[in-house]
Amino acid sequence: MSILDHLNSAQREAAQTVAGPLLVLAGAGSGKTRVLTYRIAHLIDEQNVPSWAILAVTFTNKAAGEMRERVEQLVGTQTRWIGTFHSMCARLLRMEAEAFGLDPGFTIYDEDDRRALVRRVLQQHQVDPQALAPAAVIARISRAKNAMLDPGDMAAAAKGPAQQRLATLYQTYQQELRGNNAFDFDDLLTEMVRQFDQHPEVLARYQERFHYILVDEYQDTNRPQYLLCRQLAAAHRNFCAVGDDDQSIYQFRGADLRNILDFEQDYPEAKVVRLEQNYRSTGHILQAANAVIGNNQDRKGKALWTTSGPGELISLVQCETDRAEARYVVSTVRQLVERGEYEPGDTAVLYRTNAQSRTLEEELQRSGLPYQIVGGIRFYERKEVKDMLAYLRLLANPADDVTFQRIVNVPRRGVGDSSIQRLRRYAAQSELSLFAALARLEGLPELRGPARKSLVSFRDLLHGLAAERQQMDLAELGQAVYERSGYQAMLQDENTPEAEVRAQNIEQLISFMTEFSQTRTDPDLNGFLEEVALMAPIDETPENNQAVTLMTLHSAKGLEFPVVFIAGMEENLFPTSRCVEESRVNPLAMEEERRLCYVGITRACERLYLTYAGQRYAYGSLIYPEPSRFLSELPEELVTMQQESDPQPRRRTPAARHRLDGAADGPNRASTPPRRPAPARSGAHPARSGVHYEWDDPPAVEPVSPGTDTGDFMSPGCWVTHPRWGRGKILLREGHDERTKLTIQFGSQVKKVVAAYARLEPAG
């Protein structure tokens with residue numbers, strides 16, 4: 001009996017095709033993880049391939065861990081080369097550090113570290129961070145790295161002083177990273193590709209080692225990941241790419257849909273297997289998903305099906321207001337729970353932007369239903385946890401100035417900004433890291449008094465911990481840092497409930513260090529810090545069957561729930577206003593939003609509710625949105641529709657009243673879903689003030705227009721042009737960084753926009 005006898009015919013075909021390139025188009029819920037796992041087990045157990053000759057790459061630590069466990073259960077063999085792109089690259093860079101001329105103790109910077117470093121770079125170049133947001137600089141640098149462009153490439157392609165300045169900032173940012181012996185997430189990929197290009201003899205060793213390469217979620221790969229796959233698979237060409245072009249939703253992160261669509265051009269001898277049998281959702285849900293995604297042109301094409309029966313019709317709910325929408329969602333969940341049909345944790349509420357969670361949270365709090373928000377403050381992003389990790393990072397990499405500055409005065413030691421500035425100048429003049437400069441304080445006589453004494457004490461603390469580090473296991477080292485740094489005493493002295501929670505979080509961190517030591521083959525500090533740094537948000541998604549889950553549609557990818565609500569199905573919200581505008585000149589711009597809708601629909605196993613509001617507050621302004629065009633793409637026979645009124649209706653303008661009241665006996669009447677608005681009608685009803693819903697959503701396009709200098713033209717009194725509203729004058733500027741808002745007079749209209757996303761340019 002073969003291991004593969006447990007698979008259906010398409011899954012078996014994919015798993016047993018081991019020679020040559022293979023593209024597995026795996027629809028949502030079709031068992032792609034099962035196929036990958038059984039394919040690896042088949043190679044080891046039935047094809048006698050050693051586990052070290054198989055490289056399997058996915059996108060989250062959670063998925064990689066599950067795959068390793070399943071393979072071990074099937075064949076009893078541990079597989080060391082199953083992991084994420086970033087973890088694999090970090091591992092190879094450390095293993096080959098000597099050949100590549102690198103320091104293997106490098107630090108991996110997370111988003112907070114990147115922001116801190118960019119602010120430092122802006123300060124060095126005397127750029128006001130309120131004029132040029134650090135988030136915008138990070139986005140441009142990340143885009144350049146995803147395109148495999150170094151600072152010199154960006155400078156050579158620069159058009160105008162603004163782009164030239166960004167190239168200069170990029171250059172300084174990279175110099176600072178290298179000076180701190182650090183890489184950011186993007187660097188792990190680009191550096192690996194460049195080092196393989198520059199050291200073909202090292203690449204040849206790994207090409208020969210890895211006879212079989214498997215990549216999960218291939219539709220989410222960016223250019224460096226694509227190039228890395230091409231490099232490693234070049235010798236044997238036994239390259240298996242598994243993915244779903246219909247679930248490609250990360251273009252804003254650099255994912256390139258062409259990687260999967262053009263696979264057969266890259267590998268003309270490739271075999272293609274489609275996994276279309278779905279084991280997750282009911283027939284009606286799958287028919288709805290197929291109908292929506294069928295409107296996309298840029299796709300390979302497949303049709304999901306199931307043997308589980310048609311299930312419930314999809315509920316399409318027209319709500320008078322966003323408040324009525326939240327009340328409907330919460331009351332429906334309560335009814336399902338009280339009838340004993342589902343637990344609260346069986347339910348997920350999905351939305352396009354994080355800001356939509358506010359009314360849902362308020363109604364859930366009133367109801368008493370337990371809930372959890374995915375995408376809030378992650379465990380490893382909490383201040384006290386990051387502080388403890390910073391001490392550990394500095395022990396592993398004393399050259400890391402960003403980390404040094406985070407903790408040199410935490411807990412407070414009386415080391416002020418002026419003392420740090422003196423130390424920074426001295427370190428720069430001496431070409432030393434900040435920590436190394438502490439060993440030579442005799443060269444800095446102007447630093448005196450309590451600050452000097454505190455810096456010496458801080459230096460001695462770290463030297464002492466470093467000397468004892470090899471005699472301690474990870475948990476002991478973590479406990480020693482917690483106690484000797486004074487952090488534990490600081491929290492005890494505060495003696496507040498908040499301080500107690502922070503102490504519990506640190507204790508949880510130390511517990512994880514114990515677990516890491518006991519469950520990893522070669523546990524060490526660098527390995528622990530690397531795993532934490534590369535932890536993806538989904539790796540921390542709580543599995544709580546007692547709480548309703550709230551999350552964005554992007555966060556929901558890879559998950560499933562018996563009951564799913566998708567809230568805010570409205571034009572200019574989902575799809576976003578930015579996408580609607582772009583689609584007027586580029587029809588393909590709408591396709592990623594439609595893929596996101598497809599992802600949301602296919603999260604549902606048994607029941608799906610789609611809701612939209614006739615009135616919604618955005619940025620303090622009341623708007624009157626049209627139903628999402630995606631609703632009109634649903635076959636009428638799959639949908640049952642109802643209306644929900646607001647017991648406390650808002651005052652409406654005559655135009656809004658006509659639009660809402662006419663819906664009851666117009667195209668949105670209770671028996672049929674709303675018709676798709678005609679393109680002309682969508683253009684005739686632009687959203688009111690507050691149109692830019694995407695205030696906290698990852699931008700799909702770069703947040704600062706190419707060739708513009710935000711510091712020169714985004715101030716009150718300046719004239720700008722908008723691609724839709726034309727020429728306008730800035731009246732007011734509020735906020736800073738990526739949350740900068742501008743009030744602009746466009747002719748007789750006044751608009752409030754988010755500067756980072758509004759695509760403004762200086763007016764001529």
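**Strands and core of a predicted model**

I'll start with strand β12: V548, L550 and T552 point one way from it, T549 and M551 point the other way, and all are buried, where buried means under 20% relative accessible area, exposed over 50% and partly exposed in between, with a 1.4 Å probe and protein chains only. In a regular strand the side chains alternate between the two faces of the sheet.

A word on the source. This is a predicted model, in which local features need pLDDT of at least 70 and side-chain atom pairs count only at pLDDT 80 or more, while totals for chains, interfaces and linings use all residues. Residues are numbered from 1 along each chain as its sequence is written, and side-chain values use heavy atoms, with hydrogens and water left out.

Back to β12, which covers residues 548–552 and has five of its five residues buried. Strands here are DSSP runs of E with at least two residues, helices are runs of H or I with at least four, and both are numbered from the N terminus. Two strands pair if DSSP finds at least two bridges between them.

On to strand β13, residues 561–566. Five of its six residues are buried, so β13 is largely enclosed by the rest of the structure. Strand β10, residues 347–351, runs parallel to β13 and is joined to it by four bridges; the partner of V349 in β13 is F565. Strand β14, residues 604–613, is parallel to β13 as well, with five bridges, and F561 has A604 as its bridge partner in β14.

Next, the core. The largest nonpolar core has 56 residues, and Y380, L389, L392, F404, F458 and F528 have the most contacts inside it. Helix α18, residues 383–396, gives the most to this core, with nine residues. By nonpolar core I mean a set of buried Ala, Val, Leu, Ile, Met, Phe, Trp, Tyr and Cys residues joined through side-chain atoms within 4.5 Å. Leaving aside residues up to four places away in sequence, F404 touches L394, L423, L434, F435, L438 and F458, a contact being heavy atoms within 4.5 Å.

Last, L732. Buried or partly exposed? L732 is partly exposed, with a relative accessible area of 42%, and its place is in strand β19, residues 726–734.
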